[in-house]
Amino acid sequence: MASSDTVISQDLPDPTTTAKATASPAGDSRRWFALVIIALAQLMVVLDASIVTIALPYAQADLDISDANRQWALTAYTLMFGGLLLLGGRMADYLGRRNMFLVGLVGFAASSAMAGFAWDAMSFFAGRALQGAFAAILAPAALSLITVTFIEQHERARAFAVYAAVSGGGAAIGLIAGGALTEFFSWRWTLLVNTPIAIIAAIGALALVVRDKPSPRTGGYDIPGAVTVTLGLVGLVYGFTKAAEDGWGSSTTVLLFVAAAVLLAAFVTIELRTTNPLLPLRIPGEINRGGAYLVAFITPTAMFAMFLFLSYYFQNILGNSPMRAGVLFLPFPIVVIISAGLTSSLLPRFGPRPLMMVGTALGGVGFAYLAQLDSNSSWVSHVLPSEILIAFGMGLVFVASQTVALHRIKAEDSGVASALLNTSQQVGGSVGIALLSTIVAQAFSGHNGSEMTQDPTTGAMVPVDPAGFMDANIHSYDVAFYWGAGFMVLAFVVSMFMIRMNRHELGDEPQNAVAVAH
């Protein structure tokens with residue numbers, strides 16, 4: 001069994017993976033063009049998590065999907081993506097990052113076409129599940145390619161800024177794109193649009209992304225670890241999904257959480273004992289990286305719920321169309337892009353800790369101000385300032401936390417380390433939606449304005465007091481936003497006590513440049 005000091009030690013530079021500098025002007029520009037392709041692929045993955053949300057009611061009517069089964073359009077994707085990320089990351093390490101990047105792109109293009117051309121509910125759900133599976137291959141391969149391609153401190157900060165801007169703003173862009181495609185074309189195009197984008201990215205990757213040598217393995221594949229962590233993560237993500245639907249105390253929810261806990265505990269035990277682990281525990285065990293992974297888990301807990309409940313507010317309270325609701329999110333990705341670009345310059349000067357603390361503090365203030373919404377509020381007076389504060393803060397946090405999470409990671413572990421970062425974000429988002437959906441439902445039902453009565457003419461249930469019913473909805477959203485502020489405070493505390501890396505240590509990287517295969 002590995003000793004405890006092995007788990008908490010930092011990864012030291014590995015001379016066997018040190019690449020010689022080959023910096024010609026042409027090669028340098030090629031790397032930056034490759035970053036555009038990688039960012040395009042990441043944008044596609046992030047978009048897909050939200051772009052279908054607005055189109056779902058139209059797909060439900062077209063494919064005759066029942067209300068009970070509607071959630072599988074989102075759950076099928078989430079389960080496969082969250083459950084297979086660690087396995088996908090290790091496949092990138094062992095089979096080649098560029099190879100798996102291309103496999104992910106081609107598979108995502110095909111599965112998107114399958115879902116977009118779906119003829120019934122089952123073919124739609126199957127296409128969404130396959131999208132999630134190939135996204136789990138594509139996402140860690142994309143991030144690990146950045147990690148091993150950009151090794152100089154300032155260049156890596158700029159590359160991470162691009163990646164963070166895409167990751168942070170992608171969900172809002174997805175809502176905008178989903179509204180536009182649904183309103184002016186068809187819900188099917190929210191899925192079919194991925195196919196040409198993925199094909200273009202694959203062609204660009206063949207031309208621009210350097211072909212790397214897969215990392216050598218000292219033993220066989222960690223099959224027991226892969227099985228237990230995949231089933232454990234699937235059980236965990238599905239448990240949060242069922243908690244949002246059936247409640248935290250339902251037998252199904254409890255059973256899923258118990259099974260997930262047993263499987264993940266078994267996974268940790270296996271990783272401590274095996275000589276060739278799927279996830280070397282020294283990766284999350286180092287305190288700075290562990291803190292970065294925790295922040296990556298906590299912040300999406302608030303962010304995913306913010307997008308969900310603001311979508312409800314824009315459409316159900318303010319009466320906006322899907323397209324206009326998407327446009328009202330537009331300041332968010334714009335500010336994230338500006339903030340991420342600024343962070344790439346600030347990071348080498350100040351280090352990650354102060355930037356993460358300032359970012360989470362701004363996020364907390366933004367959520368607290370957003371929680372002041374009432375029936376007299378407007379988008380300009382309350383939502384826009386909150387979006388700017390949260391987005392600017394998240395731009396700081398995303399770039400700094402990604403830099404810390406992948407600091408001093410050897411090339412042969414870059415895929416699984418990137419996958420762990422993605423997994424933290426995915427599970428955090430699932431927790432946020434499940435937890436805050438339950439809290440919102442309880443806050444709504446406890447409000448006096450939530451009372452319903454049956455219309456004697458139509459037989460439909462209608463609010464007793466329409467104005468009070470609107471107030472009850474806004475109150476429930478405010479409660480969720482206060483919880484979001486609390487999660488930001490928690491992320492601030494983690495950043496303060498666990499992120500100890502200073503700006504001088506950022507340049508202390510093993511030279512994990514991509515080894516070119518001949």
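Reply: Leu 47 is buried, because its relative accessible area is 13% and buried means under 20% (exposed is over 50%, partly exposed lies in between; 1.4 Å probe, protein chains only). The model is predicted, so local features need pLDDT of at least 70 and side-chain atom pairs count only at pLDDT 80 or more, while totals for chains, interfaces and linings use all residues. Residues are numbered from 1 along each chain as its sequence is written, and side-chain values use heavy atoms, with hydrogens and water left out.

Leu 47 lies in helix H2. Helices here are DSSP runs of H or I with at least four residues, strands are runs of E with at least two, and both are numbered from the N terminus. Not counting residues up to four places away in sequence, Leu 47 touches Gly 170, Ile 173 and Gly 174; a contact means heavy atoms within 4.5 Å. Gly 174 is 127 residues from Leu 47 in sequence, but their C-alpha atoms are 4.5 Å apart in space.

H2 covers residues 25–63 and also holds Asp 62. The side chain of Asp 62 forms a salt bridge with that of Arg 188, at 3.6 Å from N to O. The term salt bridge is used for a side-chain nitrogen of Lys or Arg within 4 Å of a carboxyl oxygen of Asp or Glu. By this rule, the count is one. Arg 188 sits in the loop between helix H6 (153–184) and helix H7 (189–192), 126 residues from Asp 62, which makes this a link between distant parts of the chain. Asp 62 is partly exposed, as its relative accessible area is 45%.

Next come two helix pairs. Two packed helices are described by the angle between their axes and the distance between the axes. The axes are lines fitted to C-alpha atoms, for helices over the stretch in contact, and the angles run from 0 to 180 degrees between N-to-C directions. Helix H3 (residues 72–95) packs with helix H4 (residues 97–116) at an angle of about 150 degrees, and the axes are 8 Å apart. H3 is therefore roughly antiparallel to H4: an angle under 35 degrees counts as roughly parallel, over 145 as roughly antiparallel, 65 to 115 as roughly perpendicular, and the rest as oblique. On the H3 side the residues are Tyr 77, Met 91, Ala 92, Asp 93 and Leu 95, and they meet Arg 97, Asn 99, Met 100 and Phe 108 of H4. By class, this contact has six nonpolar, one polar and two charged residues.

The expected span is 1.5 Å times one less than the number of residues. Its buried residues include Met 356, Gly 363 and Phe 367. What covers the buried residues of H15 includes H12, H14, H16 and helix H18 (466–498). In helix H16 (residues 379–405) there is Ser 401, which counts as buried because its relative accessibility is 5%. Ser 401 touches Ala 292 and Met 356, again leaving out residues up to four places away in sequence.

H12 (residues 287–317) has 31 residues and should span 45 Å; its ends are 44 Å apart, C-alpha to C-alpha, which agrees. Ala 296 is in H12 and is buried at 5% relative accessibility. It touches Leu 421, Ser 424 and Gln 425, with residues up to four places away in sequence not counted.

For the whole chain, the secondary structure comes to 18 helices and two strands. Of its 518 residues, 56% count as buried. Among contacts between residues at least 6 apart in sequence, 85% join residues at least 24 apart.

Note on methods
Nonpolar A, V, L, I, M, F, W, Y, C, P; charged D, E, K, R; others polar.
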